[in-house]
Amino acid sequence: MTRGRENLIARTYRVHGRVQGVGFRYFVKQNADALGLRGFVRNEDDGGVLVYAIGDPLSIVRLADAVRTGPQHSEVRTVEVKEAAIQKMNSFHIEH
């Protein structure tokens, strides 16, 4: 099976709870890199975190599981998941 563009999907995750100041963005990047995903993660002004990820469906599901768990010292209360358009990105990065 090829991993061509036709097998890619994109999702956004809006994560709320105690997710800023606890290493959440670095945790997401580490997981995304391990899964071979592209996209970004950033803190939002409302205290939440936004994750945008592109990859194969199984890797996207695995990232979603990690996002719902979060790193030690975080407390994920809600995760809003939405389908997203695939943007042209070469890697996964933390936006500041």
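Arg77 counts as exposed, with a relative accessibility of 57%. Its side chain meets that of Glu75 in a salt bridge, 3.2 Å from N to O. Please keep in mind that this is a predicted model.

Glu75 also forms a salt bridge with Arg18. That pair brings together distant parts of the chain, since Glu75 belongs to strand β4 (residues 75-83) and Arg18 to strand β1 (residues 9-18), 57 residues apart. Glu75 is partly exposed at 36% relative accessible area, and Arg18 is partly exposed at 43%.

Lys29 is partly exposed, with a relative accessible area of 25%, and so is Asp33, at 40%.

Here are these salt bridges side by side:

| Pair | N to O distance |
|---|---|
| Glu75 and Arg18 | 3.7 Å |
| Lys29 and Asp33 | 2.6 Å |
| Arg77 and Glu75 | 3.2 Å |

The count comes to 6 salt bridges. The mean positions of the 14 positive and 11 negative charges lie 3 Å apart.

Now for the overall fold. The protein has 2 helices and 5 strands, arranged along the sequence as β-α-β-β-α-β-β. Its radius of gyration is 13 Å, close to the 12 Å that the globule rule gives for 96 residues, so the protein is as compact as a globular protein of that length. Buried residues make up 39% of the 96 residues. Of the contacts with a separation of 6 or more, 79% involve residues 24 or more positions apart. The protein exposes about 5,800 Å², and carbon and sulfur atoms supply 48% of that area.

Methods. Residues are numbered from 1 along each chain as its sequence is written. This is a predicted model: local features need pLDDT of at least 70, side-chain atom pairs count only at pLDDT 80 or more; totals for chains, interfaces and linings use all residues. Side-chain values use heavy atoms; hydrogens and water are left out. Helices (H or I, at least four residues) and strands (E, at least two) are DSSP runs, numbered from the N terminus. The radius of gyration is taken over C-alpha atoms; the globule rule is 2.2 Å times the number of residues to the power 0.38. Buried means under 20% relative accessible area, exposed over 50%, partly exposed in between (1.4 Å probe, protein chains only). Contact means heavy atoms within 4.5 Å. Accessible areas come from the Shrake-Rupley method with a 1.4 Å probe; for residues, only the protein chains shown count as cover. Lys and Arg count as positive and Asp and Glu as negative; His and the chain ends are not counted. The place of a charge is taken as NZ of Lys, CZ of Arg, CG of Asp or CD of Glu. A salt bridge is a side-chain nitrogen of Lys or Arg within 4 Å of a carboxyl oxygen of Asp or Glu.
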